[in-house]
Number of protein chains: 2
Amino acid sequence: MTQRTTIADVAQAAAVHPSTVSRVLSGRPDASIRAQTRARVVAAAGRLAYRPSAIARSLRLRRTLTLGMLVPDIANPFFALIIKGAEAAARGRGYDLILCNTEDGREREATSIALLRDRQVDGVLIATARASDAMVADLRRDRFPFALLNRAAHGGRDLAVVVDNRRAAGRAIAHLRSLGHRRIAHIAGPRSTTTGAERADGARAAVRRTRCDADPALFVEAGAFSEAEGHRVARRLLLLDEPPTAIFGANDLITLGALRAARELELMVPRDLSLIGFNDIPLAELLEPALTTIRVPQLEMGATAARLLIDRLEGRHAGPARVVLPTELVVRSSTAAPAERVRRIA
Amino acid sequence: MTQRTTIADVAQAAAVHPSTVSRVLSGRPDASIRAQTRARVVAAAGRLAYRPSAIARSLRLRRTLTLGMLVPDIANPFFALIIKGAEAAARGRGYDLILCNTEDGREREATSIALLRDRQVDGVLIATARASDAMVADLRRDRFPFALLNRAAHGGRDLAVVVDNRRAAGRAIAHLRSLGHRRIAHIAGPRSTTTGAERADGARAAVRRTRCDADPALFVEAGAFSEAEGHRVARRLLLLDEPPTAIFGANDLITLGALRAARELELMVPRDLSLIGFNDIPLAELLEPALTTIRVPQLEMGATAARLLIDRLEGRHAGPARVVLPTELVVRSSTAAPAERVRRIA
DNA sequence: TTGTACGCGTTATCAA
DNA sequence: TTGATAACGCGTACAA
């Protein structure tokens, strides 16, 4: 690669001092520069296709105009949209995003954070529900700026963008109940995640409130928010002596797994089994049957978190530390009243 | 944020010169350092939790140990896996990855490349099929290292990892033909992409070779590799006076759209219509019916490209400039022999 | 309005 | 074996 053109090259070409070039190009409105000089510099910079080195600038300014982002799984469409939202908002404010996939692993999280800090990103967006509290505690202690995404803040002043998981889960159960279901199962996400725990709590409370069957066998926990785990656990549910007539999965992928399990057992959805997911990933409405689910504004979630963090970084009016985004129950064709046959059994 | 601890802090704590600290910690095996000194330095660094600044190091070394990556759509699961593969391979060699979503836009591509070059990434992985040749030409001219992913190289010496799209498309058509189909449609991707053009060419050749109906109305082009476009175009195909009995979509998303169109028109897949996709995204086997498709080794594609590029960066034995990865026809339940009814019509 | 001088945190080179 | 020095490219007090 040919040698980089530096500010000195431009200075020479414009017959001025490098510092003058810097002043001209950094575009501070208050800089007083003779119009003619400015023109010369701009022309020279254009001619040489000069681009300032982000590295040298970062070293000098001690900020990188870069945000880091921790995501458990880039291949999960839920996060894909969150990333897009965050990226768009960040770019809009002049920041770039460095993405780190943690594969939901403790170790990957630690190395990713280390990497981001080595690169001196100005702050991190943390979208990993499983992120160890130790890690978050470290960041807090070091006053390293961060924002939590789709997971609860433990400390009160942490920046966080979330949805009301308990309430949304309650609505899912209530919807099934209103269709006539009584034996409603919930496949929870890992209790180690705040989303998993909160949705399970909300579902449990709603089951009690609406007087569904309160059979503990109907509340099970998946090992991960994945299709495979959903499939495994749903199979067990459906092979129960008294199987549920409806399943509320802690996210769309888990529910997708439940759909596959139902098919393997030759159950028709929604005739023999109603299904509700959570997140409304793009795929949800393409399925057959289309998935009834809780819509989470994914793009907005990413964008809000990025903006919140940048506001804090730039010392702008901080606003509330915690933003709760609205959710919406999207009813599609995977839910219906329980079939007669099943109702008789119950 | 508390002040960063620098190499000078460690030097002071260990009572040595900063350059000594650098020597110890950069871990060159040939450095001759007294064991006792080394121990002191290591201890001090540990005590202070010292981490070298990647920025300062990059400035000095003129390399960042970072690769850039251009992707048209992070939310497309095909690319998600490619990214994972590339990231894993890069990390394995000590490189990080900065991802840029171009949303398939010329402008986004240009700004992304500019951004990556400003940050002085050591090289770029380009997975955008639509990437303007002008951009690639610029990179070539500036001798900026890059590798092309899933798109053909125009110049011969460019690094590229691809599959044989023509051959794979031919196999898809042949499979349908062997099932008894004669009226086979192809929904091509944009001709502006090499993948779109090559698959269309391969399909067309195979249609001729296997003596299918060579009706030009059966070869149509989608405006994008998306579900929405697939749906739109497939609808038109299925409303033809003589509709096809099988559709080969240029990728899985397009084919997914065709599936939705078929359902809207109350066609049963595969009874009334057979469907083949391309890429084998994770979703393909979860669908009902599961999608017959061409498997592209996505993880391997990303990993190979990253390794190729890094090898070249490090001046290691370059190996071939162009790697062709194998594909495989995965037959699932979305293809079957054409139904009697339909065959009679034909 | 512009130039001078210095420092951001490293590492390579040379001298001791 | 270790220390001193310079340089990577930029931005900014301060001086002129």
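Tutor: Let us begin with a definition: Ala, Val, Leu, Ile, Met, Phe, Trp, Tyr, Cys and Pro count as nonpolar, Asp, Glu, Lys and Arg as charged, and the others, Gly among them, as polar. Please keep in mind as well that this is a predicted model.

Student: How do the residues of the surface near DNA strand D divide into nonpolar, polar and charged?

Tutor: That surface has eight nonpolar, 10 polar and six charged residues. In total, 24 residues surround DNA strand D, and the closest are Thr6(A), Ile7(A), Ser19(A), Ser32(B) and Thr37(B). Two or more residues each come from α2 (18–26) and α4 (54–61) of chain A, and likewise from α2 (18–26) and α4 (54–61) of chain B.

Student: Which element gives the most to the surface near DNA strand D?

Tutor: It is α4(A), with five residues.

Student: Which residues come nearest to DNA strand C?

Tutor: Of the 24 residues around DNA strand C, the nearest are His17(A), Ser32(A), Thr37(A), Ile7(B) and Ala56(B). Here α4(B) gives the most, with five residues. By class, the surface near DNA strand C has nine nonpolar, 10 polar and five charged residues.

Student: What rotation superposes chain A on chain B?

Tutor: The general idea is that two copies of a chain are related by a rotation about an axis and a shift along it. In this case the rotation is 180 degrees, the shift along the axis is 0.0 Å, and the RMSD is 0.1 Å. The two copies are therefore related as by a two-fold rotation axis.

Student: Why may one say that the copies meet through the same surface?

Tutor: Because 100% of the interface residues of chain A are also interface residues in chain B.

Student: How many helices and strands does chain A have?

Tutor: Chain A has 13 helices and 12 strands. One open sheet of chain A has six strands in the order β2-β1-β3-β4-β5-β11, with parallel pairing. At its edges stand β2 (96–101) and β11 (322–325) of chain A; each has a single partner strand, so one side of each is left without a neighbour in the sheet. On average, neighbouring strands of this sheet are turned by 15 degrees against each other, direction ignored.

Student: How many bridges join β5 of chain A to β11(A)?

Tutor: Four bridges join them, and the two strands run parallel. Within this pair, Val163(A) has Leu325(A) as its bridge partner. Helix α12 (residues 298–313) of chain A lies across several strands, including β5 and β11, and runs at about 165 degrees to β5(A).

Student: What is the pairing in the open sheet that contains β7 and β12 of chain A?

Tutor: The pairing is mixed, and the six strands follow the order β7-β6-β8-β9-β10-β12. The edge strands are β7 (219–221) and β12 (328–330) of chain A, each of which pairs on one side only. From one strand to the next, the twist averages 20 degrees. Strand β10 (residues 292–295) of chain A runs antiparallel to β12(A), joined by three bridges; Arg295(A) has Glu328(A) as its bridge partner there.

Student: What radius of gyration does chain A have?

Tutor: Chain A has 26 Å, whereas a compact globule of 346 residues would have a radius of gyration near 20 Å. Along the principal axes, the C-alpha atoms of chain A fill a box of roughly 90 × 40 × 35 Å.

Key
Residues are numbered from 1 along each chain as its sequence is written. Chains are lettered from A and ligands numbered from 1 in the order in which they are written. This is a predicted model: local features need pLDDT of at least 70, side-chain atom pairs count only at pLDDT 80 or more; totals for chains, interfaces and linings use all residues. A residue is near a molecule or strand if its C-beta atom, placed from the backbone, lies within 6 Å of it. Copies are superposed by least squares on the C-alpha atoms of residues with pLDDT of at least 70 in both. Two residues are in contact if their C-beta atoms, placed from the backbone, lie within 7 Å. Two strands pair if DSSP finds at least two bridges between them. Axes are lines fitted to C-alpha atoms, for helices over the stretch in contact, and angles run from 0 to 180 degrees between N-to-C directions. The radius of gyration is taken over C-alpha atoms; the globule rule is 2.2 Å times the number of residues to the power 0.38.
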